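This report describes one protein chain for a reader who has not seen it before.

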Amino acid sequence: YDFLASSQKFKPVRIFLDIPFQEGRFYSEFLYDFYKEVFSYFKSGVSASREHFQINVDYVDDKSASKEFVAGTLLFDVGKNFSVGTDVAYDLKLGRAEKLGYNLDLKMHCLGLRLNIKEKPEVEWSAFFYITALPF
């Protein structure tokens, strides 16, 4: 509720739904605008994982930004300390991939290294060091 607004005092309501299942979860997020009586944002997806494999698939319809796309992530363990993955986002309105990237992770005792290569929207290389174990 916005006390300072002269009209449309209620903000859009964000609703979350998260349903876990044995090896993953189904999730949805809605943003409902009371004044326009429409869902201005909708995201729904599924995430699943097995011992050496993870997959995420999302559908997003963002009316405020006029975007509708499907996004996915795949991640495979290829050894005790290595994993490879890919990210893709496909714009349904434009009919083309808007995001495409690959990554390689090396996990050590308490540190990790991630190498990223993005092809879309522009070519980009990056490396990240991160801590996998904290003393507290």
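Of the 136 residues in the chain, 21% are buried, where buried means under 20% relative accessible area, exposed over 50% and partly exposed in between (1.4 Å probe, protein chains only). The model is predicted: local features need pLDDT of at least 70, side-chain atom pairs count only at pLDDT 80 or more, and totals for chains, interfaces and linings use all residues. Residues are numbered from 1 along each chain as its sequence is written, and side-chain values use heavy atoms, without hydrogens and water.

The chain holds 9 strands and 0 helices. Strands (E, at least two residues) and helices (H or I, at least four) are DSSP runs, numbered from the N terminus.

The radius of gyration, taken over C-alpha atoms, is set against a globule rule of 2.2 Å times the number of residues to the power 0.38.

| Item | Value |
|---|---|
| Radius of gyration, chain | 19 Å |
| Span of the C-alpha trace along its principal axes | about 55 × 40 × 30 Å |

Among contacts (heavy atoms within 4.5 Å) with a separation of 6 or more, 13% join residues 24 or more positions apart.

Where is Met 108? Met 108 lies in the loop between β7 (96-107) and β8 (111-120). Met 108 counts as partly exposed because its relative accessibility is 42%.
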